[in-house]
Amino acid sequence: MIRPFDVATSVLTTLGRLGTGMRVGALGKRPVQPLELYEFEACPFCRKVREALSILDLEVIVYPCPKGGPTYRPRVREQGGKELFPYLVDPNSGEAMYESDDIVAYLFSEYGDGSVPLALGAGVLTDAQIQSLILYLETLK
Ligand SMILES: N[C@@H](CCC(=O)N[C@@H](CS)C(=O)NCC(=O)O)C(=O)O
């Protein structure tokens, strides 16, 4: 019973996101060291960053930060000053940042051709699209 639900919600989310992250895009320079992403699965803003990483075919170390997570959450607070996710660290440039839109713009500027795909570059509209889908999925439970 759970498995079909998982598949259905995954497919619905992918459809709701217009397949963003399914296909690679224009690539730029490649990072020497893997990027570091602090995030958690249920966070819609983190999803945007994961989609960007997929489109840009980038190697990343993911540090899972679920609510109450004892290991990596404190590290984000210490390094960045607050617990807010996603949080990206790029050891290649020394950049570290919060805010999914800033992270997405940075990734496409640094490791793509500079242009952000519409589905990821529409700012608050992108977020609204994610949030409305989540609300819809909640009603199915
Ligand atoms: N404007 C931020 C919003 C990020 C945000 O609200 N993240 C939530 C998770 S979805 C968060 O980190 N909440 C604090 C927490 O989980 O402790 C962005 O686009 O990155």
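The legends below describe close-up views of a predicted model.

Residues are numbered from 1 along each chain as its sequence is written, and side-chain values use heavy atoms, with hydrogens and water left out. In this predicted model, local features need pLDDT of at least 70 and side-chain atom pairs count only at pLDDT 80 or more, while totals for chains, interfaces and linings use all residues.

**View 1. Salt bridge between Glu51 and Arg17.** The N to O distance between the two side chains is 2.5 Å; a salt bridge is a side-chain nitrogen of Lys or Arg within 4 Å of a carboxyl oxygen of Asp or Glu. Glu51 belongs to helix α2 (residues 44-55) and Arg17 to the loop between α1 and β1 (35-39), so the pair ties together parts that are 34 residues apart in sequence. Helices (H or I, at least four residues) and strands (E, at least two) are DSSP runs, numbered from the N terminus. Both Glu51 and Arg17 are buried, where buried means under 20% relative accessible area, exposed over 50%, and partly exposed in between (1.4 Å probe, protein chains only).

**View 2. Salt bridges of Glu83 with Arg73 and Arg77.** The closest N and O atoms of Arg73 and Glu83 are 2.9 Å apart. Arg73 lies in helix α3 (residues 73-80) and Glu83 in the loop between α3 and β3 (87-90), so this pair ties together parts that are 10 residues apart in sequence. Arg73 counts as buried, at 9% relative accessibility, whereas Glu83 is partly exposed at 33%. The side chains of Arg77 and Glu83 meet at 2.5 Å, N to O, and Arg77 is partly exposed, with a relative accessible area of 42%.

View 3. A polar backbone atom of Phe85 is 2.8 Å from a ligand oxygen atom. The ligand taken alone exposes 510 Å², of which the protein buries 74%; accessible areas come from the Shrake-Rupley method with a 1.4 Å probe.

**View 4. Leu15 in helix α1.** Helix α1 spans residues 2-16 and contains Leu15. Leu15 counts as exposed, at 56% relative accessibility.

Key:
A polar contact is a pair of N or O atoms within 3.5 Å; within protein, one must be able to donate a hydrogen and the other to accept it, and residues adjacent in sequence count only if both atoms are side-chain atoms.
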